[in-house]
Amino acid sequence: MLYIFLAPAVILVFLFNYIPMYGVTIAFKDFSPTRGIMASEWVGLAHFTNFLQSPNFHQIFANTIKLSAFELLIGFPVPIVLALMLNQVRRANIKKNIQLMIYAPHFISAVVIGGMIFIFLSPAGPINAMLSAFLDRPISFMSDPDYFRTIFIASGIWQGAGFASIIYVAALSNTDPQLHDAATIDGASLLQRIWHIDIQVLKPTMAVLFILAVGGIMGVGFEKAYLLQTDMNLPASEIIDTYVYKRGLQAGDWSFGAAVGLFNSVVSLILLVSVNYIVKRLNGESLY
């Protein structure tokens, strides 16, 4: 009976996740919509070679890695810290209000976030208005590539850290309060109790979420990166996802776009398997 209940989900996953994988073969063909996938000419690894040898490959790949790596290193601990801080709030009504405030940005669309960033950071915006007392002229934040990564990462942390802390808050709710009581009686300080009790409870959750985060390190987030792009900040904002969109959809080079997307997925898979193996060896926690 349990397998019967499971069957619809398995069938849906097979139909919409596995069967469409056949379409990835266009990455190895000179795909033409009029001829179809089967009749299109087979070109092998030509599209992959063209991408790897393209003049802007190193810049696009480096931008993707830098954005993802910095966002992971800076942003991953923030939900943990928020969960630990929320766990110390004893009054339920205050805790709920704080959670509401930090969860709310997650439900703002990327388009709205992009518009807010352009308004706040424009030369006539409130940020430049506050800085006008210290600067001779306004800063063009959205036109300077040097500011793009900071803006992208900071806005991502603001938008997603609160919602990401839900998992850690739920894990901390299972902590036996007697452990804290015993540690307090033994003279442990607050930081000692957090380190030796709360952090130990969160370790398995942290390991699994870190592995998943590294597995998605190549998927920076197309929507916000594309919305924040300008002609001036392209040297820092052009990533693989936006490049695939421009070459594959806007320029109509379907096969090349599919090849770049497949390359991105293979790199993500290699990172996922590698980090899963390393974390399993170091911490004993893994996805499989």
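Colleague: At what angle do helix 4 and helix 9 pack in this predicted model, and which term describes that arrangement?
Modeller: In this predicted model, helix 4 spans residues 57-75 and helix 9 spans residues 145-172. Their axes are 10 Å apart, and the angle is about 45 degrees. Angles under 35 degrees count as roughly parallel and 65 to 115 as roughly perpendicular. The pair, at about 45 degrees, is therefore oblique.

Colleague: Which residues make the contact of helix 4 with helix 9, and how do they divide by class?
Modeller: The crossing of these two helices is right-handed. Helix 4 contributes Asn63, Lys66, Leu67, Phe70, Glu71, Ile74 and Gly75. From helix 9 come Phe148, Arg149, Phe152, Ile153, Gly156 and Ile157. Sorted by class, these residues are seven nonpolar, three polar and three charged.

Colleague: Is threonine 64 buried or exposed, and what is its relative accessible area?
Modeller: Threonine 64 lies in helix 4. Leaving out residues up to four places away in sequence, threonine 64 touches Ile217, Met218, Val220, Ile239 and Ile240. Buried means under 20% relative accessible area. Threonine 64 is therefore buried, with a relative accessible area of 1%.

Colleague: How far apart in space are threonine 64 and alanine 251?
Modeller: Along the sequence, threonine 64 and alanine 251 are 187 residues apart. Taken C-alpha to C-alpha, the separation of threonine 64 and alanine 251 in space is 21 Å.

Colleague: How do helix 14 and helix 15 run relative to each other?
Modeller: Helix 14 covers residues 240-250 and helix 15 covers residues 254-283, with axes 7 Å apart. They pack at an angle of about 160 degrees. Since angles over 145 count as roughly antiparallel, helix 14 is therefore, relative to helix 15, roughly antiparallel.

Colleague: Which residues form the contact of helix 14 with helix 15, and what is the class count?
Modeller: The crossing of helix 14 and helix 15 is left-handed. On helix 14 the contact uses Ile240, Asp241, Tyr243, Val244, Arg247, Gly248 and Leu249. On helix 15 it uses Trp254, Phe256, Gly257, Val260, Gly261, Phe263 and Asn264. By class this contact has eight nonpolar, four polar and two charged residues.

Colleague: What does glycine 257 touch, not counting residues up to four places away in sequence?
Modeller: Glycine 257 is placed in helix 15. At 7% relative accessibility, glycine 257 counts as buried. Its C-alpha atom is separated by 7.6 Å from that of alanine 27, 230 residues apart along the chain. The residues that glycine 257 touches are Val244 and Gly248.

Colleague: What is the helix content of residues 254-279, a span that UniProt annotates as "transmembrane region"?
Modeller: The UniProt annotation, from an unreviewed entry, covers several spans, including residues 65-86 and 254-279. Residues 65-86 are 95% helix and 0% strand, with end C-alpha atoms 32 Å apart. For residues 254-279 the end C-alpha atoms lie 37 Å apart, and the helix content is 100%.

Colleague: How far apart are the end C-alpha atoms of residues 61-275?
Modeller: UniProt, in an unreviewed entry, places the feature "domain: ABC transmembrane type-1" at these residues. Over residues 61-275 the chain is 75% helix and 0% strand, and the end C-alpha atoms are apart by 20 Å.

Colleague: What share of the protein's residues is buried?
Modeller: The protein has 15 helices and two strands. Its C-alpha atoms fill a box of roughly 75 × 70 × 35 Å along the principal axes. Of the 288 residues, the buried share is 34%.

Conventions. Residues are numbered from 1 along each chain as its sequence is written. This is a predicted model: local features need pLDDT of at least 70, side-chain atom pairs count only at pLDDT 80 or more; totals for chains, interfaces and linings use all residues. Side-chain values use heavy atoms; hydrogens and water are left out. Axes are lines fitted to C-alpha atoms, for helices over the stretch in contact, and angles run from 0 to 180 degrees between N-to-C directions. Helices (H or I, at least four residues) and strands (E, at least two) are DSSP runs, numbered from the N terminus. A crossing is left-handed if the near helix is turned anticlockwise from the far one by less than a right angle, and right-handed if clockwise. Contact means heavy atoms within 4.5 Å. Ala, Val, Leu, Ile, Met, Phe, Trp, Tyr, Cys and Pro count as nonpolar, Asp, Glu, Lys and Arg as charged, and the others, Gly among them, as polar. UniProt positions are given in the numbering used here, feature names are shortened, and annotations may be inferred rather than shown by experiment. Buried means under 20% relative accessible area, exposed over 50%, partly exposed in between (1.4 Å probe, protein chains only).
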